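Here is a short briefing on one protein model.

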Amino acid sequence: MTLYDADTVDACAWPETPQARLARDYFVPLMKRGSTAFISDRTTLRLLAMDDLRIPLAINEAEYGNSPLHSLWVRYIGLPVAAVTAEAYGAARAVVMRGAMRTLGGMLKAARIDKCVYVDHWLVLRNLSVSLDEAQLERLTAFLVEQFPGHAIVFPAINPANASPLLNTLAARDYGFVYGSHTRMTLPTHEVSRQVRENRRRDGRLLEAAGYRVVDGREMPDCAPRLRELYRSLNADKYHSTLDFTEEWFAWTLREGIFQYWLAVKDGRVDGFYATHVSDDTVWSPLFGYDLSLPQELGLYRGLVHRLMQDALEVGLTIELGPGADPFKSLRGSQPVPRWTAYYVKHLSGFRQYAWRTLQRYVNGGVRPAANAMLRKIDGDGIVGFGPLTLPFTPPTGQTPRESARALREQVDALETSLESAARLEGEARLRALSPLSETLHNWPQPMRRVVALRERLTRLEQEARRKPAQAVAPARVPPAEQARQLLQDATCWGFYTKLVAAHLGEVPAPHLKALVEALRRELVGIMGVVLTATRGDKVVLVTIASDALLSVGMDAGQLMAQAAPCVEGKGGGSPEVAWGGGSRADGVEAALSATRRFVESRLGNWAPSGGVG
């Protein structure tokens, strides 16, 4: 086990794991520059190497002027005292409450409550909880106690929806728990009411109706000053204790792809934005801002939150929206989830241990019930996880985000297989097979792209089954360049990075197909693959294409061809960039396209660049 600082971290070896890559590309630059080069909080950053894990640490001495991210005193005393006003509680009661909290705050300062080592602390990122067994946790705790004998060991803000195993491991090694805060999550398998669907539908029209386009932040590389201005107006200027970020932070995270930025742009001006980070099948937005001077009727906030949720749910991921605006988020189908902070203080003095136990009783016995009561008024009595602390921890969402994503993929795969089977039937037999699928697809709880595509396929199959056979009419042929653009617009997307064009073209002359392939190759951008099927009489023609970026992540046209060709009882070959093939089974083209989609999704469906999200 090795502890690295800014001067020694270059000697660190980096395992080929997503966690290690993110530590190297995101956390190490912060450590080398120092926290205040990018954020308003003052803390000392270190990196701990244990086995194949690279664990960020934030070491505090007594920084009571920090934000709640790096100050327990501010979270539990500073902010609540400021929130107790005569208007909200009455003059006499407010005086008593503030006096009691200040007395507790004085004891906590005397006990140096903010003299902590925050373990697995990724600053603004969430859902990156390290996976530790009991033996690893025992080694890690002993090492940190030896290195920092005067500091409490703290694992901050752990979400039991993602990290119940870690919480249970901490409980088994004598860590205590303090209620931290709540967040809000929507799993893609959650049922939603008709009212929630209607609210989302209305929100989805707001940005376009107001004349906004949502664009990738990389299209506006010089927007960092505006992003900081929008963030500050919504957060730092409004709440003095909120974490603030420098302009360099926005420029760096945008330039290096640390976060994916999406901007609401009108007349060349950025009026709102959000940034996203993906981990553990959960989309989290660490940064959000919009222009408060614009009329509320524009619906900038509602429209941006809708787009943020849509980004996640369309690809079957969980969306975490964080706290705040709870009534609004509840009406969009989000569920409150508690976060817990774990602490270890057995090596500290008796007085300091007593102070931690006092804080625990105050928060778990007073703050948590108040949060519980507030959330029940908003979300009803069905909320889970906000009662008295009980062990073992379980996901209050029922499933973990990873389990939800896997279950959803399996459900959609099964629906796709059933549709393919029904497509081989004719007339009334097909309609009988499609009937239960129609009910499932048209009542799907979340707006997934794959489900929308299956719903459209089901409608076509139903129409074909009801239609009498007619003489085939040759389709009007569009120019190859225009057809290529149409195919790219209809590409299947996974996350923000991976796309696949998978389409059956029908009867296509050879010269047109070759020209279409060349047009597609000129237009391919990013991590993109293509699989096309066409018919020539009773034969099937196959062609697959891989972009340069797709080749760089280990997938080529030959691999795509290997998935498609067996479905039409054919074969093919060619270069890594383009492969041609053919087969004899025309009724297998849908299976060929589906097999290729599943292959790309299984390999790259949650892929993200090593320096960015994921």
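How many residues does the largest nonpolar core have, and which have the most contacts inside it? The largest core has 104 residues, and Tyr26 and Trp249 have the most contacts inside it. This is a predicted model: local features need pLDDT of at least 70, side-chain atom pairs count only at pLDDT 80 or more, and totals for chains, interfaces and linings use all residues. Residues are numbered from 1 along each chain as its sequence is written, and side-chain values use heavy atoms, with hydrogens and water left out.

**Cores**
- A nonpolar core is a set of buried Ala, Val, Leu, Ile, Met, Phe, Trp, Tyr and Cys residues joined through side-chain atoms within 4.5 Å.
- Buried means under 20% relative accessible area, exposed over 50%, and partly exposed in between (1.4 Å probe, protein chains only).
- The core with 104 residues takes seven residues from helix H1 (residues 18-33), which gives the most.
- Helices here are DSSP runs of H or I, at least four residues, numbered from the N terminus.
- Tyr26 touches Trp122, Leu123, Val124, Leu125, Trp249, Trp252, Ile258 and Phe259, not counting residues up to four places away in sequence. Contact means heavy atoms within 4.5 Å.
- Another core lies apart from the largest one.

**Helix H4**
- H4 (residues 91-110) has 20 residues and spans 29 Å from first C-alpha to last. That is close to the 28 Å expected at 1.5 Å a residue, where the count used is one less than the number of residues.
- Ala94, Met101, Leu104, Gly105, Met107 and Leu108 are its buried residues.
- Seen down the axis, these fall within an arc of 160°, so they line one face of H4. The arc is taken over directions from the helix axis to the C-beta atoms.
- Helices H2 (72-83), H3 (86-89) and H13 (350-379) are among the elements covering that buried set.
- On the other side, Ala91, Ala92, Val95, Val96, Arg102, Thr103 and Ala110 are exposed.

- Gln136 sits in helix H5 (residues 134-147). It counts as buried because its relative accessibility is 14%.
- Beyond neighbours within four places in sequence, Gln136 contacts Met50, Asp51, Leu53 and Ser131.
- Lys329 belongs to helix H12 (residues 326-330). Lys329 is buried yet has no salt bridge (a side-chain nitrogen of Lys or Arg within 4 Å of a carboxyl oxygen of Asp or Glu).
- The nearest side chain of opposite charge to Lys329 is Asp326, 6.5 Å away. Lys and Arg count as positive and Asp and Glu as negative; His and the chain ends are not counted.

Methods
Helices (H or I, at least four residues) and strands (E, at least two) are DSSP runs, numbered from the N terminus.
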